[in-house]
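Please keep the sequence and the 3D view open while reading.

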Amino acid sequence: MKKFFRSGKYFVRIYLWTVLALLSILIFFSTIIYLGVEKSVVRNNYDLNKQILSQVAYNVDNFDQTVKNLANSIYLSSDTKAILDMNHISDNYREASTALENLRTTYMSNNAFIHSIVIYNGKSKVYLSTHKGISSSDPRLEQLMRSNPVVPVLKPVYRKVESLYPIASKPTDDVFTYAMYDWLSEENKPDDSIYVNIKADWMLENINRINTSNPKSKSNIYLLNGNGVNIGGPNQDEGAKASLQSIYTQFIKNSITGSGVSFDSFSMDFKGEKSYVSYIYLDRIDWVLVKVQPYQEVFQNVERIKFLIVLITLLFILLALIASFAISRKIYVPIGRLVKQININTSDRDNRDVNPLEDEISVLNQMYNKYYEYRELYYQDTRSKDRILNKYYLTNLLVDSHAMTKDDIASAIESNNTLFESGGKLVVCVIRIDQYNHFVLKSNRDQELFRFAISNIMQDTVKAKFDNETVNMKKDQIVLILNTGQAQHDEVIPTLEGCIAEAQTMIMNYFKMTVSVSIGEMVESAVALEGSYRMALYHANYRLLFGRSSIITGEKVKTNSDNQQVYYGLQWNKKLVDAMKSGNFNNAEKVILSILDEIKEQNFNNMSLSVMHVTTFILNTLNEMNKSKLQPQNIDYNMYHFKMMEFETMDEILNELMQLISLGVGNAKQSNAEKHAIIIETAKGIVEESYSDPGLSLQLVAELLKMSSTHLGKIFKENMTISLSEYINGVRLEKAREMLESSNLPIVQIIEKIGMENESYFYKLFKKKYGVTPKEHVLKQTITKS
């Protein structure tokens with residue numbers, strides 16, 4: 001065993017598993033962090049580029065709208081109109097120059113982004129420019145007209161014009177030209193038009209100003225037209241143009257025209273270098289803003305984080321090895337001590353039965369099984385016999401102590417020496433399981449387990465104040481016997497109620513069950529326990545009054561016990577019958593509540609008799625009401641009496657009684673409805689048979705039915721929504737309509753046949769019902785048939 005202990009097989013196993021667990025967790029979370037950071041960087045860069053390009057696009061759109069408004073203003077200005085209206089510029093050279101100078105002063109001095117304004121007079125075929133003055137030709141502008149079948153109106157066109165300040169290195173300026181005209185000439189060229197040239201550098205500087213928030217960034221924004229041609233950006237070399245054209249053709253064009261995506265990002269080579277490309281499409285002016293970032297610049301932070309993660313992971317691996325050793329030692333210490341202790345205390349015979357090739361836990365398991373077998377063999381007989389005898393003696397003391405001999409009583413006291421030795425006063429408590437009808441649906445094994453748990457909780461809670469013992473009795477009872485010492489009644493009961501309430505709370509929290517407890521009287525000796533038990537058992541019945549989870553004492557039920565009233569006031573029976581037969585459920589409920597209030601003041605025996613009495617009275621009333629019903633219901637008296645005996649609370653009894661009464665109230669209403677239906681059908685039959693009688697009226701029908709006209713009229717109106725007189729008129733009018741359609745009788749004769757005497761009244765009712773007079777109705781039917 002000592003050699004085995006020194007080998008430490010289980011320690012090595014603990015260490016290896018601990019290292020493996022820590023390393024697995026560490027590697028898993030390191031990978032998750034790395035992937036999460038990479039994904040987060042891509043997402044953040046995507047959002048940032050979208051924000052930047054959206055801001056640029058917004059600025060460009062605003063600038064485009066500003067230029068359009070400005071071009072429109074120039075076109076509609078009086079100076080422009082004066083120039084365009086001149087038939088011969090040469091004859092009005094001075095006026096044209098003045099108007100051109102006014103345009104320069106008004107618009108160009110206040111808008112630094114305007115490069116120049118050109119006005120073309122189609123009548124004189126002369127160009128007037130704020131840059132070059134008046135000339136008969138403008139080659140670059142004419143080139144623009146030739147390169148476009150139709151020059152777009154107020155759409156920016158990128159082109160080069162002569163520089164305002166020409167030098168050898170820069171003879172031209174880049175501009176965006178906005179054209180404005182009303183109609184085309186016969187050559188399909190703009191006639192009487194203006195051209196506002198906007199400095200391209202001014203717009204591109206604003207774009208780059210937004211993008212260059214980080215001076216070290218190598219990212220650039222390029223401006224492409226609708227054909228993918230680079231019209232603005234920092235690099236105008238052929239390599240950049242070719243790459244941008246490739247980006248537009250392969251990715252951007254299909255996304256814009258196919259799926260309608262206005263913004264996206266992707267990775268591809270730009271001038272031979274892997275780059276991160278983002279673009280946004282400006283549909284109003286058919287431009288594309290493209291931002292190109294070196295891939296290394298985007299992910300430089302990720303590579304830095306990757307290096308830090310690897311470094312931290314290696315550091316944590318080293319710490320994990322050290323921590324795993326410390327944790328393993330900590331876990332192993334009690335196991336090692338136990339194995340060592342077993343090695344010291346066990347005999348060689350025991351050690352020979354242990355397999356030395358297994359680890360420490362297996363050794364402990366083998367030794368535990370051996371000791372458990374020894375223990376069970378030792379205690380098996382004595383424990384079972386003692387428990388059975390103890391329960392037997394305590395049960396006899398509770399239910400039949402007077403039949404026990406002195407020797408039996410002495411044996412009972414001796415076997416429960418802890419409970420009886422101090423000679424204190426004894427109290428019996430009866431614990432009843434609430435909702436027992438649900439409890440018995442559980443399996444026998446579960447019932448035993450719950451009884452055992454309730455006994456232990458109650459016993460342990462009360463033991464803090466009083467020595468006690470529990471006995472499982474039949475059905476829903478568990479009996480708690482406790483020794484109160486020399487304490488007085490007034491001291492014992494409040495303390496005991498507190499302990500019981502605490503136990504009830506624990507049982508409810510743990511098992512979602514409730515128990516009610518009845519406390520018996522305090523007695524001086526073990527022989528007197530039977531009296532305390534019987535009193536507690538009787539008082540437990542008052543759960544009907546106090547409800548579930550109650551604690552019942554003799555003081556609480558003293559008023560009820562002293563009350564000898566046998567039944568409740570019989571005057572309530574008549575009120576109950578009247579309410580049931582009239583179908584008034586609310587009045588019936590009030591009567592039942594009053595009856596139960598009286599019953600609650602009685603002792604339990606009379607309480608049970610009164611509940612049975614009111615139940616039987618209701619059942620008899622229902623049976624009597626059934627006799628007048630067309631389809632009587634069968635009522636099982638025994639079932640309802642049995643249910644009343646099983647109920648645990650007055651609320652349950654109230655609910656059951658009200659359900660019974662609802663049957664009677666429903667029957668009464670149904671019976672009245674059936675009677676009314678018969679009366680109505682009979683009245684309708686009389687009208688159908690006697691409609692030709694001029695004397696037919698509500699009074700006549702009521703006499704035939706042997707009832708008052710008022711009552712008949714009320715019943716008919718409530719069920720048919722029209723009065724009986726209206727119904728008689730309706731039948732007569734329907735019969736008249738049938739005669740008009742099927743016979744050639746004169747209208748006067750038809751009026752007599754339907755029992756009406758007033759011809760004008762008939763015409764009035766007929767038109768009101770059918771919308772036409774009788775003659776118009778006949779004519780309409782004749783036309784329809786033909």
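## Second largest cavity

Strands β2 and β3 each supply at least two residues of the lining of the second largest cavity. Helices (H or I, at least four residues) and strands (E, at least two) are DSSP runs, numbered from the N terminus. The model is predicted, so local features need pLDDT of at least 70 and side-chain atom pairs count only at pLDDT 80 or more, while totals for chains, interfaces and linings use all residues. Residues are numbered from 1 along each chain as its sequence is written, and side-chain values use heavy atoms, with hydrogens and water left out.

β2 gives the most to this lining, with 3 residues. The volume of the second largest cavity is about 30 Å³.

## Cavity count and largest cavity

A cavity is a set of points on a 1 Å grid over the protein atoms alone where a 1.4 Å probe fits but cannot get out, and lining residues have an atom within 4 Å of a point. Grid points are joined across faces, edges and corners, and a volume is the space filled by probe spheres set on the points. By this rule there are 2 cavities of 30 Å³ or more.

The largest cavity holds about 110 Å³ of space. Its lining consists of His115, Ser116, Val118, Ser129, His131, Lys132, Asp138, Arg140, Arg159, Val161, Glu162 and Asn197. The elements giving two or more residues to that lining are β1 and β4. The lining has 2 nonpolar, 5 polar and 5 charged residues.

## Six-stranded sheet

An open sheet of 6 strands runs in the order β3-β2-β1-β8-β5-β4 with antiparallel pairing; two strands pair if DSSP finds at least two bridges between them. β3 (133–135) and β4 (157–167) stand at the edges with a single partner strand each, so one side of each has no neighbour in the sheet. From one strand to the next the twist averages 30°; angles run from 0 to 180 degrees between N-to-C directions, and axes are lines fitted to C-alpha atoms, for helices over the stretch in contact.

β4 and β5 (residues 170–180) pair in the antiparallel sense over 7 bridges, and the bridge partner of Arg159 in β5 is Val175. Helix α3 (residues 78–85) lies across β1 (114–121), β2 (126–129) and β8 (193–199), at about 35° to β1. Helix α4 (residues 93–108) also packs on the sheet, where it touches β1, β2 and β3, and its direction makes about 150° with that of β1.

## Five-stranded sheet

Another open sheet has 5 strands in the order β15-β16-β14-β17-β18, with mixed pairing. Its edge strands, β15 (467–472) and β18 (551–552), each pair on one side only. β15 pairs with β16 (residues 477–483) in the antiparallel sense over 6 bridges, and Thr470 stands opposite Leu480 in β16.

Helix α16 (residues 489–511) packs on this sheet and touches β14 (426–433), β16, β17 (515–519) and β18, with its direction at about 165° to that of β17. Helix α17 (residues 529–539) touches β14, β16, β17 and β18, and its direction makes about 35° with that of β14.

## Contacts of α29

The axes of α27 (residues 724–742) and α29 (residues 759–770) come within 11 Å and cross at roughly 85°. The two helices are therefore roughly perpendicular, the term for 65 to 115 degrees; angles under 35 count as roughly parallel, over 145 as roughly antiparallel and the rest as oblique. Contact means heavy atoms within 4.5 Å. On α27 the contact residues are Asn729, Gly730, Leu733, Glu734, Ala736, Arg737 and Leu740, and on α29 they are Tyr761, Phe762, Leu765, Phe766, Lys769 and Tyr770. By class this contact has 8 nonpolar, 2 polar and 3 charged residues.

The axes of α29 and α30 (residues 774–785) come within 9 Å and cross at roughly 50°, which makes α29 oblique to α30. Phe762, Tyr763 and Phe766 of α29 meet Pro774, Lys775 and His777 of α30.

## Largest pocket

The largest pocket contains about 800 Å³ of space; a pocket is an open set of grid points with protein on both sides within 12 Å along at least five of seven lines. It is lined by 27 residues, of which Arg432, Arg543, Met645, Glu646 and Phe647 are the closest to its centre. The lining has 12 nonpolar, 6 polar and 9 charged residues. Its largest share, 4 residues, comes from α22.

Definitions and conventions. Nonpolar A, V, L, I, M, F, W, Y, C, P; charged D, E, K, R; others polar.
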